[in-house]
Amino acid sequence: QVQLGEFGGGSVQAGGALQLSCVTAIRAFSNYAITWFRQPPGKEREFVAKIDWSGSSTFYSDFVKGRFTISRDNAKLTAYLQMNNLKPEDTAVYYCAADREIGGSGPRIWGQGTQVTVSS
């Protein structure tokens with residue numbers, strides 16, 4: 001059973017923008033934090049950004065701070081990653097993950113990823 005999936009990846013030139021969506025089928029979505037990770041070619045998966053269950057707290061890695069914005073729409077069971085001023089080093093497969101924060105715990109739920117390619 002697929003519980004979440006990433007959409008919106010693609011190819012863009014440096015300086016461009018993309019918005020990724022993390023669309024879920026998690027009924028208690030508002031109880032979950034959403035985290036975006038990425039895996040550049042030949043490298044380990046790395047943290048990009050996180051938004052807590054309420055949307056009131058966000059966290060960013062230093063290399064995207066000021067360029068990327070994470071948000072969520074609990075009514076749509078969806079989280080977003082707005083990526084502006086993209087750089088070639090942002091090229092990676094981007095994944096979203098859901099972690100329950102309210103009302104218990106459970107395994108992290110991963111999506112299958114979406115490719116983002118930034119050309120110079």
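Contact is taken here as heavy atoms within 4.5 Å. The structure is a predicted model, in which local features need pLDDT of at least 70 and side-chain atom pairs count only at pLDDT 80 or more, while totals for chains, interfaces and linings use all residues. Residues are numbered from 1 along each chain as its sequence is written, and side-chain values use heavy atoms, with hydrogens and water left out.

Under this criterion, and leaving aside neighbours within four places in sequence, Thr-91 is in contact with Pro-40, Pro-41, Gln-115, Val-116, Thr-117 and Val-118. Thr-91 is placed in the loop between β8 and β9; strands (E, at least two residues) and helices (H or I, at least four) are DSSP runs numbered from the N terminus. With a relative accessible area of 14%, Thr-91 is buried, where buried means under 20% relative accessible area, exposed over 50% and partly exposed in between (1.4 Å probe, protein chains only). The side chain of Thr-91 also reaches the backbone oxygen of Pro-88, at 2.9 Å.

At the level of the whole chain, eleven strands and zero helices are assigned. The chain has 120 residues and a radius of gyration of 14 Å, in agreement with the value near 14 Å that a compact globule would have; the radius is taken over C-alpha atoms, and the globule rule is 2.2 Å times the number of residues to the power 0.38. The C-alpha trace spans about 45 × 30 × 25 Å along its principal axes. Of the 120 residues, 42% are buried. Of the contacts between residues at least 6 apart in sequence, 54% join residues at least 24 apart. The accessible surface is about 6200 Å², and carbon and sulfur atoms account for 48% of this surface; areas come from the Shrake-Rupley method with a 1.4 Å probe, and for residues only the protein chains shown count as cover.

The chain carries 12 positive and 10 negative side chains, and the centres of the two sets are 3 Å apart. In this count Lys and Arg are positive and Asp and Glu negative, with His and the chain ends not counted. The place of a charge is taken as NZ of Lys, CZ of Arg, CG of Asp or CD of Glu.

The side chain of Arg-38 makes a polar contact of 2.9 Å with the side chain of Asp-90. A polar contact is a pair of N or O atoms within 3.5 Å; within protein, one must be able to donate a hydrogen and the other to accept it, and residues adjacent in sequence count only if both atoms are side-chain atoms. Outside four places in sequence, the contacts of Arg-38 include Glu-44, Arg-45, Glu-46, Phe-63, Phe-68, Glu-89 and Tyr-94.

Asp-62, by comparison, is exposed, with a relative accessible area of 68%, and lies in the loop between β6 (58–60) and β7. The side chains of Asp-62 and Lys-65 are joined by a polar contact of 3.4 Å.

Thr-78 is located in strand β8 (residues 78–83) and is buried, at 5% relative accessibility. A polar atom of the Thr-78 side chain lies 2.8 Å from the backbone oxygen of Lys-76. Thr-78 and Val-23 are 55 residues apart along the chain, yet their C-alpha atoms are separated by 4.6 Å. Beyond neighbours within four places, Thr-78 is in contact with Ser-21, Cys-22, Val-23, Phe-29, Arg-72 and Asp-73.

Val-23 and Ser-21 are also among the contacts of Phe-7, together with Gln-19 and Leu-20. Phe-7 lies in strand β1 (residues 4–7) and is partly exposed, with a relative accessible area of 49%. The C-alpha atoms of Phe-7 and Trp-36, 29 residues apart in sequence, are 12 Å apart in space.

Backbone geometry was also examined. Most residues other than glycine have a negative phi. Leu-77, not a glycine, has a positive phi of about 55°; Leu-77 is placed in the loop between β7 (68–73) and β8 and is partly exposed, at 24% relative accessible area. Asn-85 likewise has a positive phi, near 50°. Asn-85 is found in the loop between β8 and β9 (92–100) and counts as partly exposed at 43% relative accessibility.
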